[in-house]
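Here are my notes on the model you passed along.

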Amino acid sequence: MPGTFITVEGIDGCGKSTQLSILARKLREQGIDVVETVEPGGTLAGREIRAILLDPRQHALNARTELLLYFASRAQNCAEVIAPALARGATVLCDRFTDSTIVYQGAGRGVDEATIRQLHQIACGSLYPDLTLLIDIDLETSLARALARNAENATRETRLEEESHAFFERVRDGYQRLARAEPERVQVIDGRASIEVVAERIWSVVTHR
Ligand code: TMP
C-alpha cells in the first residue's frame with residue numbers, strides 16, 4: 001500500500017482524540033492527504049455497532065459477541081475507508097485499532113490473543129499500522145477525565161467505563177507489554193502534560209518517521 005497507516009491508542013481519557021485532530025491538522029498544513037477514522041465506528045455500519053457496544057444497557061453482552069462486534073466494525077472500516085485511502089496514497093489516522101482489542105478484550109477480559117489475531121486476519125487481512133502512537137497517562141487521571149467527559153456530554157457511551165479499576169490496570173499493563181514487544185511500531189508518548197506539549201511530542205515522533 002502506498003499510503004501510511006497511523007493509529008492512536010491509550011486508555012480512556014488519555015487525550016488521543018484531541019491529539020489525533022491536532023496531528024491531522026498539522027499534516028494537512030504540509031499538504032498531505034489525511035483521512036481520519038475511528039474504532040469502533042468510522043462508517044455508517046460501524047457507528048451503529050458502536051452504539052450497541054458502548055450502550056450501558058447492554059449488560060448482558062457476551063465477551064465473544066463483544067469481540068465479534070468490534071471486528072465487524074473494523075472489517076467495514078478497513079474495506080470502506082482505510083484500505084481505499086491507503087491505496088490512493090493517503091495518510092490514515094485511526095483512533096484505536098486492533099491493539100485496543102488486544103488490550104481491552106485480551107488483557108482486560110482474558111480473551112486469548114491468538115484468537116484476536118486470527119479474527120484480525122479474517123476482518124482486515126494483512127492491514128497493520130505502520131506507526132502506533134500510544135499516549136500513556138496514569139489510571140487516576142484517565143478515570144477522572146472519563147468521568148468529567150461523561151458528566152459533560154449526553155452520549156451515554158459509558159458501558160466500558162463502568163468496568164473496575166483492576167480491569168483498567170490490566171488494560172494499561174497490556175499496552176505497556178505491546179510497546180515492549182514492538183518498540184519500533186509502538187511509540188509511547190507521555191500524555192501527562194498540556195495538550196500543546198503532548199502535540200509537540202507526537203509531531204516530533206511523526207516527522208522523525
Ligand atoms: P473511545 O472512548 O476511545 O472512543 O473508545 C470506546 C471504548 O471502546 C473504549 O472504552 C475502549 C473500547 N474498545 C474496546 O474495548 N475494544 C476495541 O477493540 C476498541 C476499538 C475499543
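This is a predicted model: local features need pLDDT of at least 70, side-chain atom pairs count only at pLDDT 80 or more; totals for chains, interfaces and linings use all residues.

1. Residues around the ligand. The ligand has 14 residues around it, and those that come nearest are Asp-12, Lys-16, Arg-96, Thr-101 and Gln-105. Sorted by class, this shell holds six charged, five nonpolar and three polar residues.

2. The side chain of Asp-12 places an N or O atom 2.6 Å from an oxygen atom of the ligand. For Arg-96, an N or O atom of the side chain is 2.7 Å from a ligand oxygen atom. Tyr-70 also has a polar side-chain atom 3.2 Å from an oxygen atom of the ligand. How much of the ligand's accessible area does the protein cover? On its own the ligand has 480 Å² of accessible area, and the protein covers 94% of this.

3. Where the shell comes from. Helix 2 (44-54), helix 3 (63-87) and helix 4 (98-108) are the elements that give two or more residues to the shell around the ligand. Which of them gives the largest share? Helix 4 does, with four residues.

4. The largest pocket. The ligand takes up the space of the largest pocket, whose volume is about 820 Å³. A total of 41 residues line this pocket, and Gly-13, Lys-16, Ser-17, Arg-96 and Arg-149 are the closest to its centre. Lys-16 and Arg-96 were already listed among the residues that come nearest to the ligand.

5. Make-up of that lining. At least two lining residues of the largest pocket come from each of helix 1 (16-29), helix 2, helix 3, helix 4, helix 6 (139-152) and helix 8 (195-208). The lining divides into 15 polar, 13 nonpolar and 13 charged residues.

6. The second largest pocket. This one has a volume of about 200 Å³. Its lining includes Thr-4, Ile-6, Leu-27, Gln-30 and Ile-32, as well as Trp-203, Val-206, Thr-207 and Arg-209. Thr-91, Asp-130 and Leu-131 also line the second largest pocket. Strand 1 (4-9) and helix 8 each supply at least two of the lining residues, and helix 8 gives the most, with three. By class, six lining residues are nonpolar, four are polar and two are charged.

7. The cavity. How many cavities of 30 Å³ or more are there? The count comes to one, and the largest cavity has a volume of about 30 Å³. Gly-10, Ile-11, Leu-134, Ile-135, Asp-136, Ile-137, Arg-172 and Tyr-175 line the largest cavity. Strand 4 (131-136) and helix 7 (165-181) each contribute at least two residues to that lining, with strand 4 giving the most, three. Five of the lining residues are nonpolar, one is polar and two are charged.

8. A cis peptide bond. Between Glu-39 and Pro-40 the peptide bond is cis, and its omega is near -10°. Pro-40 belongs to the loop between strand 2 (34-38) and helix 2. Helix 2 is also one of the elements that give two or more residues to the shell around the ligand.

9. Backbone of Arg-96. Is the phi of this residue positive or negative? Arg-96 has a phi near 75°, a positive value in a residue other than glycine. Arg-96 sits in the loop between strand 3 (91-95) and helix 4.

Definitions and conventions
Residues are numbered from 1 along each chain as its sequence is written. Side-chain values use heavy atoms; hydrogens and water are left out. A residue is near a molecule or strand if one of its heavy atoms lies within 4 Å of it. A polar contact is a pair of N or O atoms within 3.5 Å; within protein, one must be able to donate a hydrogen and the other to accept it, and residues adjacent in sequence count only if both atoms are side-chain atoms. Accessible areas come from the Shrake-Rupley method with a 1.4 Å probe; for residues, only the protein chains shown count as cover. On a 1 Å grid over the protein atoms alone, a cavity is a set of points where a 1.4 Å probe fits but cannot get out, and a pocket is an open set with protein on both sides within 12 Å along at least five of seven lines; lining residues have an atom within 4 Å of a point. A molecule sits in a cavity or pocket if more than half of its atoms lie within 2 Å of its grid points. Ala, Val, Leu, Ile, Met, Phe, Trp, Tyr, Cys and Pro count as nonpolar, Asp, Glu, Lys and Arg as charged, and the others, Gly among them, as polar. Grid points are joined across faces, edges and corners, and a volume is the space filled by probe spheres set on the points.
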